[in-house]
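Thanks for coming. Please have the sequence and the structure open.

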Amino acid sequence: YNEILQSINSSSNETYALLENLLQWTRSQTGNLEIAPEDINLKELIRNVLRIIEPVALKKGIKLEHKAPDDLVLEADNNMMRSIIQNLVNNSIKFTKTGGKVIVTAERNGDETLIKVIDNGVGISEKNKKKLFVDEGQLTTRGTNDEKGSGLGLLLVKDFVQRHNGRIDVESEEGKGTTFILSFAY
């Protein structure tokens, strides 16, 4: 009975995440998504996002960590930044095995603000890295616990990052993990 409830809960969470991404993606593509920039404390934002995602990580036995200076501020749209980090952390959890770790860091580097989502998961092959942010029959890969995905999350992330004149890069080694790096000029 408990397993059935967990399965229903997991399925409804996946459906909700998909619908949320679809809604944001549609608004973004139809021009109905306005950017409302404000000063965001990144440490606070990251902490809040991780608090929401923590039950998913705990269920899979994955440790979430974050590191950012107390006073690091980025002028950006709060909802879009939240969505960017949430999608990247969810991805990291999905492709990290039980007992793994996902770390979110934020720092100022010269004239850029960098946000990194680092995991010690299964990594991404060179072939798949090229397909990550391409909008044609999205790359959908099952997670380490057979979790499903729509491939929409990363397209949304790329779109939202670009709307902030930012850049997204990925470093990955199969079997060792992946790091997504977001760069925003200020």
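**A strand pair, then the rest**

Ile 168 stands opposite Leu 182 in E7. Before I go on, the conventions. This is a predicted model, in which local features need pLDDT of at least 70 and side-chain atom pairs count only at pLDDT 80 or more, while totals for chains, interfaces and linings use all residues. Residues are numbered from 1 along each chain as its sequence is written, and side-chain values use heavy atoms, with hydrogens and water left out. Helices (H or I, at least four residues) and strands (E, at least two) are DSSP runs, numbered from the N terminus.

Back to the strands. E6, residues 167–173, pairs with E7 in the antiparallel sense over 7 bridges; pairing here requires that DSSP finds at least two bridges between two strands. The two form a hairpin with 3 residues between them, and in the turn Gly 175 has a positive phi of about 85 degrees.

On its other pairing, E7 is joined to strand E5, residues 112–119, by 8 bridges, and these two run antiparallel. Two pairs to look at: Lys 116 stands opposite Ile 181 in E7, and Val 117 stands opposite Phe 180 in E7. As a reminder, side chains in a regular strand alternate between the two faces of the sheet.

How many of the residues of E7 are buried? Strand E7, residues 177–185, has 8 of its 9 residues buried, so to say mostly covered. Buried means under 20% relative accessible area, exposed over 50%, and partly exposed in between, with a 1.4 Å probe and protein chains only.

**The sheet and its helices**

The open sheet has 5 strands in the order E2-E4-E5-E7-E6, with mixed pairing. Its edge strands are E2 (63–67) and E6, each of which pairs on one side only. From one strand to the next the twist averages 15 degrees.

Helix H2, residues 42–60, packs on this sheet and touches E2, strand E4 (101–109) and E5; its direction makes about 180 degrees with that of E2. H3 also packs on the sheet, touching E2, E4, E5, E6 and E7, and its direction makes about 25 degrees with that of E5. Touching is contact, meaning heavy atoms within 4.5 Å. The axes are lines fitted to C-alpha atoms, for helices over the stretch in contact, and angles run from 0 to 180 degrees between N-to-C directions.

Now H3 itself. The helix covers residues 78–94, and at 1.5 Å a residue its 17 residues should span 24 Å; the end C-alpha atoms are 24 Å apart, which agrees. The expected span is 1.5 Å times one less than the number of residues. Asp 77 caps the N-terminal end, with a side-chain oxygen 3.0 Å from the backbone nitrogen of Asn 79. Buried residues of H3 include Met 80, Ile 84, Leu 88 and Ile 93.

Ile 85 lies in H3 and is buried, at a relative accessible area of 0%. Leaving out residues up to four places away in sequence, Ile 85 touches Leu 45, Ile 46 and Val 49. Ile 85 and Ile 46 are 39 residues apart in sequence and 7.4 Å apart in space, C-alpha to C-alpha.

Leu 42 is in H2 and is also buried, at 0% relative accessibility. With the same exclusion of residues up to four places away, Leu 42 touches Leu 72, Leu 74, Ala 106, Thr 113 and Ile 115. Its C-alpha atom is separated by 8.3 Å from that of Pro 69, 27 residues apart along the chain.

Asn 165 lies in the loop between helix H5 (152–163) and E6. Is Asn 165 buried or exposed? Asn 165 is exposed, with a relative accessible area of 70%. Its phi is near 55 degrees, a positive value in a residue other than glycine.

**Totals**

The protein has 5 helices and 7 strands, following the pattern α-β-α-β-β-α-β-β-α-α-β-β along the sequence. Of its 186 residues, 41% count as buried. Among contacts between residues at least 6 apart in sequence, 73% join residues at least 24 apart.

Methods:
A polar contact is a pair of N or O atoms within 3.5 Å; within protein, one must be able to donate a hydrogen and the other to accept it, and residues adjacent in sequence count only if both atoms are side-chain atoms.
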